[in-house]
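Visitor: Hi, could you walk me through this one? I'd like to start with side-chain contacts.

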Amino acid sequence: MPRKLYFLLLVPLLSHAQDPDFNFTNPGDYNNYIMKEVTATVQKNFDYISFSVHSEEYDQLETKRKEVVDEILKAKGNIRQMPALEGDTRLRDEAVQVLDEYKSAFELDYKNIIALKSKSKDSYGAMEAYFEAQDKAEEKVNKATKQLRKAQHVYAEKHDMKVVDNKSDDLLEAKMKKVMDVNNYWRSIFLDYFKVSKQYDRMWDVLPQQKATVLDRERVQAIRVIDLVLPSLKTKPAFNGDTEFRDQTINMIEYFHLVSSGEFRRIVEILGKKSLEQKDVDEVNGIINKCNSDHERLSYNWNIASQDLFRKNVDKE
């Protein structure tokens with residue numbers, strides 16, 4: 001009958017590899033110590049990602065990124081000190097190699113991601129670049145994790161052991177999956193919103209020029225973008241039964257359409273006059289003030305819905 005190999009996860013960290021609770025001549029203990037060290041880095045990874053979807057505090061993000069790197073270096077050093085097991089170091093070496101991939105991701109990729117995030121709202125292309133960099137970094141880490149799991153199964157077969165998933169492992173993976181799922185859902189809606197809002201903002205940016213033709217061109221382009229985005233946005237499904245973020249985004253974009261086709265059409269008509277009277281100036285100012293007030297209210301609702309989506313579905317540290 002094969003022995004059971006328990007992958008111990010989320011237990012207290014120790015300062016050096018020669019742990020009295022683990023017998024490195026025992027195949028089970030040998031594996032479990034390695035998995036304990038690797039899992040500590042995965043937990044730090046989760047803490048970082050969980051924090052990053054709630055925060056734009058870039059100094060804190062950088063601090064937490066460095067904490068992940070430190071944890072990786074600590075685990076790597078502890079595992080590297082382990083002796084061979086019956087002359088075999090493949091599992092140990094595989095774990096070190098995987099930790100090297102983690103280290104590369106957090107020293108290079110995630111550092112770049114923080115920089116991209118800080119500039120992501122400059123343009124739609126910058127936002128796409130930020131999301132793409134996130135995806136590549138996550139894939140790099142996931143690929144390395146799968147590599148280690150494969151090595152574990154080879155190790156288990158060699159030592160006539162049965163791989164038994166630990167409940168802590170399942171819980172951490174479930175938490176990680178929740179983060180990724182909600183982040184991907186939020187992204188799919190946010191990119192539509194961002195595409196529209198950047199064009200809508202351009203309409204406001206040219207308003208001080210008081211040139212009817214320039215303003216009308218941006219106004220018409222805003223309507224075109226909205227008409228392209230809105231139908232697909234309305235087909236987005238709920239997330240865990242929650243439609244609030246999607247619906248608030250639709251409300252915001254429909255408001256952009258209303259302003260572009262209504263209020264700003266009227267402003268274009270006024271600016272197209274040969275000369276402006278005081279009543280014209282007053283009317284334009286009244287439109288601007290009303291739009292600012294309405295936008296502030298809708299933006300507040302949209303931001304609350306965005307925060308609630310993460311609050312309800314992403315575990316904090």
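Visitor: Which residues does tyrosine 102 touch, not counting residues up to four places away in sequence?

Guide: In this predicted model, tyrosine 102 touches Val38, Thr41, Val42, Ile72, Val141, Ala144 and Thr145, leaving out residues up to four places away in sequence. Contact means heavy atoms within 4.5 Å.

Visitor: And which residues touch the most other members of the largest nonpolar core?

Guide: Ile34, Tyr102, Tyr110 and Leu215 do, out of 90 residues in that core. Such a core is a set of buried Ala, Val, Leu, Ile, Met, Phe, Trp, Tyr and Cys residues joined through side-chain atoms within 4.5 Å; buried means under 20% relative accessible area, exposed over 50%, partly exposed in between (1.4 Å probe, protein chains only).

Visitor: Which helix gives the most to this core?

Guide: H5 does, with 16 residues.

Visitor: New topic: how do the axes of helix H6 and helix H7 cross?

Guide: The axes of H6 (residues 212-234) and H7 (residues 244-271) come within 9 Å and cross at roughly 160 degrees. That makes the two helices roughly antiparallel, a label for angles over 145 degrees.

Visitor: What residues make up the contact of H6 with H7?

Guide: They divide into 15 nonpolar, 4 polar and 7 charged.

Visitor: Is glycine 262 buried, partly exposed or exposed?

Guide: Glycine 262, which is found in helix H7, counts as partly exposed because its relative accessibility is 30%.

Visitor: How far is glycine 262 from methionine 252?

Guide: Their C-alpha atoms are separated by 15 Å, with the two residues 10 apart along the chain.

Note on methods:
Residues are numbered from 1 along each chain as its sequence is written. This is a predicted model: local features need pLDDT of at least 70, side-chain atom pairs count only at pLDDT 80 or more; totals for chains, interfaces and linings use all residues. Side-chain values use heavy atoms; hydrogens and water are left out. Axes are lines fitted to C-alpha atoms, for helices over the stretch in contact, and angles run from 0 to 180 degrees between N-to-C directions. Helices (H or I, at least four residues) and strands (E, at least two) are DSSP runs, numbered from the N terminus. Angles under 35 degrees count as roughly parallel, over 145 as roughly antiparallel, 65 to 115 as roughly perpendicular and the rest as oblique. Ala, Val, Leu, Ile, Met, Phe, Trp, Tyr, Cys and Pro count as nonpolar, Asp, Glu, Lys and Arg as charged, and the others, Gly among them, as polar.
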